[in-house]
Amino acid sequence: MSLAIKQPGHVMSWLIKLLYFKKTASLTTSLTEKINIFLTIDQSSIGDHFNPNDPAPLYKRQLSHQFQHYIMTSIESAKRYSVFNYKVACKNESDKQYAEAFIYAIRRHFSARKLMKMEQFVKFKRRSYKLLFASLTVVMICHGVVPMILPGEEGFHSAIRNGLDIFSWVILWQPIDKLVFFWNPHLKEISIMHRLANAEVIMTENA
């Protein structure tokens, strides 16, 4: 009797925990769907965002390492479909004249990074495919030539063939492993650079 009374309570408790988990998961998802990168434009400190040794105009200057680190740290929680926004605050009206050049410099930097990552991805695929074809060639030669030289199926000949089978798996493992499992990091970096280069700019009032 006591068991029958307690069971509804256990079921209700389980349902409450399930609903709470779904609510928390949906809240976490909504928080990571949009990531705001907060930027402040100030005439006296805007130069700190750039390489001090770069004499180019503001919109062509290299970003400083500290500023790049700040942006990458701001998006550490980014997911695959997270949307990036630049929230730019100007301290006064005169500072707004730097906003367009400042954002252009950021977009230019990450567009260049995106192209670099894409070139690295192309080189990665080219090297991996070459390694795979070279490995397949070695394996085909070994399995085609050795049986002609050692036609027997027993004793020493059998041990040699078993060794060739193991060698084939070992030599093919690395290129197959790279082609199957190492694509995603490259695609993730390209996606991040693309979103940073094309993030929406939201001008805000600085309190």
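A helix here is a DSSP run of H or I with at least four residues, and helices are numbered from the N terminus. Under that definition, Tyr129 belongs to helix H3, which covers residues 99–149. Please bear in mind that this is a predicted model.

Let me begin with the chain as a whole. Its secondary structure consists of five helices and three strands, and these follow one another along the sequence as α-β-α-β-α-α-α-β. The chain has 207 residues, of which 28% count as buried. Its accessible surface is about 14,700 Å², and carbon and sulfur atoms account for 64% of that area. As for contacts between residues at least 6 apart in sequence, 83% of them join residues at least 24 apart.

I return now to Tyr129. In general, an α-helix has 3.6 residues a turn, so residues three or four places apart point the same way.

Finally, helix H5. This helix runs over residues 183–197, 15 residues in total, and spans 22 Å from its first C-alpha to its last, close to the expected 21 Å. Which residues of H5 are buried? They are His186, Ile190, Ile192, Met193, Arg195, Leu196 and Ala197.

Thank you for your attention.

Terms used
Residues numbered from 1 in each chain as written. Predicted model: local features only at pLDDT ≥ 70, side-chain atom pairs only at ≥ 80, totals over all residues. Heavy atoms only, no water. Helix = DSSP H or I, 4+ residues; strand = E, 2+ residues; numbered from the N terminus. Expected span 1.5 Å × (residues − 1). Buried < 20%, exposed > 50% of the residue type's maximum accessible area, 1.4 Å probe, protein only. Contact = heavy atoms within 4.5 Å. Areas by Shrake-Rupley, 256 points an atom, 1.4 Å probe, with all protein chains shown as cover.
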